[in-house]
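Please read these notes with the structure open beside you. They are numbered so that each point can be checked separately.

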Amino acid sequence: NLRNKILQDVKLRTAIAYGIDRKGIVDGLLEGNGVIINTPMVPTLWSYPKEGLVEYKFDEAKAKSLLKEAGYEDTNGDGIVDKEGKNLELTLTVPTGDKIREKTGTVIQENLAKIGIKVKIESMEFKAVMEKVVGNHDFELYLMGNTLDADPDPTPNWYSTQASDEKGVFGWNITGFRSEEEDKLMDMNRTATDISERAKILNEFGKLLNRELPWIPLHASDIVKAYNKGLKNYTPNTFVEFYSVEKWEMEK
């Protein structure tokens, strides 16, 4: 939550990114059925940057070094870093009902404890999380899934005017990230008509979010589709269930 003064420090957010074992989450909880992403965009689309992204590979030493640069050290030996006499303790709000997501919250808690950040898990039903996090902006960290469209327009999630600071007024720029640079890139994306031009614009947008880390993206889960082996000319599509249905044929 970038309305929180502590979390406005990009060095702290970067330390958290390095402190989470995202590969361990994909390999363990997802059993390998997913890919790590380094910006909150669909990794298979033309809009996702193919280069220029910081990978934030799990690195406890790097995370601790960044915490120190941000002014956080364990001065009293209790295992929790502190600054100006106050321990770094954060609450992670997690919706219940999705077992993998619930376990992911616990993994994040355990990971960040190793670099000196104490995380309290706040488990709530999804509707309550929506009210608390999206409606009332009353949170520090939150864990949630997101579904993105086939034609990328980040405006609903990221434009500055999509952020709300007023309790009871929902805003889908949930973290409250505001940036003239990001708004300009989104304006350019909406007016560009050439896909190669849009790709360049959105690549820059992806790199901006990768640097600033208003979200720490974890992974994109694989989508599993099963179909009859006798079905011919079927092409799986991430976004459309009946893509090219007019070409399907079933062997007798």
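1. By class, the lining of the largest cavity comprises 6 nonpolar, 1 polar and 1 charged residues. Here Ala, Val, Leu, Ile, Met, Phe, Trp, Tyr, Cys and Pro count as nonpolar, Asp, Glu, Lys and Arg as charged, and the others, Gly among them, as polar. The lining residues are Ala17, Arg22, Ile37, Asn38, Tyr56, Leu213, Ile216 and Pro217. The volume of this cavity is about 40 Å³, and the structure holds 1 cavity of 30 Å³ or more.

2. The model is predicted: local features need pLDDT of at least 70, side-chain atom pairs count only at pLDDT 80 or more, and totals for chains, interfaces and linings use all residues. Residues are numbered from 1 along each chain as its sequence is written, and side-chain values use heavy atoms, with hydrogens and water left out.

3. On a 1 Å grid over the protein atoms alone, a cavity is a set of points where a 1.4 Å probe fits but cannot get out, whereas a pocket is an open set with protein on both sides within 12 Å along at least five of seven lines; lining residues have an atom within 4 Å of a point. Grid points are joined across faces, edges and corners, and a volume is the space filled by probe spheres set on the points.

4. The largest pocket has a volume of about 1500 Å³. Its lining has 50 residues, and those nearest the centre are Ile37, Met144, Gly145, Asn146 and His219.

5. Which elements supply at least two residues each to the lining of the largest pocket? They are helix H1 (10-19), helix H4 (99-114), strand E6 (141-142) and strand E7 (219-221). H4 gives the most, with 4 residues. Helices (H or I, at least four residues) and strands (E, at least two) are DSSP runs, numbered from the N terminus.

6. Glu182 belongs to helix H7 (residues 180-191). Glu182 is buried but has no salt bridge, and the nearest side chain of opposite charge, Arg178, is 8.0 Å away. Buried means under 20% relative accessible area, exposed over 50%, and partly exposed in between (1.4 Å probe, protein chains only). A salt bridge is a side-chain nitrogen of Lys or Arg within 4 Å of a carboxyl oxygen of Asp or Glu. For charge, Lys and Arg count as positive and Asp and Glu as negative; His and the chain ends are not counted.

7. What does Glu182 contact, leaving aside neighbours within four places in sequence? The residues are Trp158, Tyr159, Ser160, Asn173, Phe177, Phe205, Leu208 and Leu209. Contact means heavy atoms within 4.5 Å.

8. The structure holds 16 salt bridges. One of them joins Glu181 and Arg211 (3.8 Å, N to O). This pair links distant parts of the chain, with Glu181 in helix H7 and Arg211 in helix H8 (residues 195-212), 30 residues apart. Glu181 is partly exposed at 44% relative accessible area, and Arg211 is partly exposed at 42%.

9. Lys225 and Glu241 also meet in a salt bridge (3.4 Å, N to O). Lys225 lies in the loop between E7 and strand E8 (231-232) and Glu241 in the loop between E8 and strand E9 (249-250), so the pair ties together parts 16 residues apart in sequence. Lys225 is partly exposed at 24% relative accessibility, while Glu241 is exposed at 54%.
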